[in-house]
Amino acid sequence: MGDYSIAKTLDYKGLPCPMPVVKISQDIGSVDVGEVIEVLTTDPGSLADFPAWAKTSGNEILETQQDEGTIHIFVRRVK
Amino acid sequence: MSASIESQVAELREQMAGLRPGPESKLAMIVFSGSLDKMIAAMILATGAGAMGIKPILFFTFWGTAALRDASKRARGKDLMSKMFGWMLPKGRNRLPLSQMNMLGMGPAMIKGLMKRKNAASLDQLFEIAAQLGVEIKICEMSMDLMGFQREEIIDYPHLDYCGVATYLAEAQTASIQLFIS
């Protein structure tokens, strides 16, 4: 894991497409610019969709991790 | 002096970038179909676009219009033909048939049950999220007229309006993504 602290962890487990991306777009504003959100999801599509969302919305995916069944996505609010 | 020229050039560059014509980050979608499966696809695309910061504008026309009827509302003063259309066409998004495997309504019931089990957002939820994300819905005035639908039987939705073909074309001309859901 990189050198950053997590401002908030959000649980999107069990939600399929399009909800993880819809939720992060609504929740990203709940942290300050520069802060990092950890998202927990069980939707494998999110592995491709979060970077696509970040690119379009101007935010940053720092890294993704997978442990049994749960995907962790670390999102930095850029703007 | 050179610093001031540099700053002027930078300022001009910024202005030029603003003037450059080009597609806006916008999704212009025609929802022609009134099938449950296609409506789900349309609404997932619309809410997804909203989440991505791509402005979604949905134009409902022909069979798609019936999906915007509110089953709890009544319209008065229809002529016979309009009444017949009213009876024959689905009364709102929760009565739509499937484009395949409809099986007299068993198909839609199966899909809805399956979606519920998989925790997927229902059409009702997708419309609610669309409203939150500012998804615009525009209804083709001519389809309303043709099907004999009246505005008082259309759903309550915060970003809803009526229009003709020119409104769609004007939006589509500047939209980076254009889709037709047939």
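Helices here are DSSP runs of H or I of at least four residues, strands are runs of E of at least two, and both are numbered from the N terminus. With that in place, let me start at the end of one helix: H2(A) is followed by Gly58(A), whose phi is positive, near 80 degrees.

Before I go on, a word on the model: it is predicted, so local features need pLDDT of at least 70 and side-chain atom pairs count only at pLDDT 80 or more, while totals for chains, interfaces and linings use all residues. Residues are numbered from 1 along each chain as its sequence is written, chains are lettered from A and ligands numbered from 1 in the order in which they are written, and side-chain values use heavy atoms, with hydrogens and water left out.

Back to H2(A), then, which spans residues 46-57. Its buried residues (under 20% relative accessible area with a 1.4 Å probe, protein chains only, where exposed means over 50% and partly exposed lies in between) are Ser46(A), Phe50(A), Trp53(A), Ala54(A) and Ser57(A). Why do they fall on the same side of H2(A)? They cover an arc of only 100 degrees around the axis, and that puts them on the same side, the arc being taken from the directions that run from the helix axis to the C-beta atoms. On the face turned away from that buried side, H2(A) carries the exposed residues Ala48(A) and Lys55(A). As for what covers the buried residues, by contact (heavy atoms within 4.5 Å), the cover includes helix H1 (19-27), strand S2 (36-41), strand S3 (60-67) and strand S4 (70-76) of chain A, together with helix H2 (36-52) of chain B.

That brings us to the two chains, where the contact takes 14 residues from chain A and 13 residues from chain B. The area buried between them, meaning the accessible area (1.4 Å probe) that two parts lose on being put together, summed over both, is about 1,000 Å², and carbon and sulfur atoms give 70% of it. H1 and H2 of chain A each supply at least two residues of the side of chain A that touches chain B, and H1(A) gives the most, with five residues.

Finally, within chain B, Thr61(B) lies in the loop between strand S2 (55-60) and helix H3 (80-88). Thr61(B) is buried, with a relative accessible area of 17%, and, not counting residues up to four places away in sequence, it touches Ile30(B), Val31(B), Phe32(B), Cys140(B) and Ser143(B).
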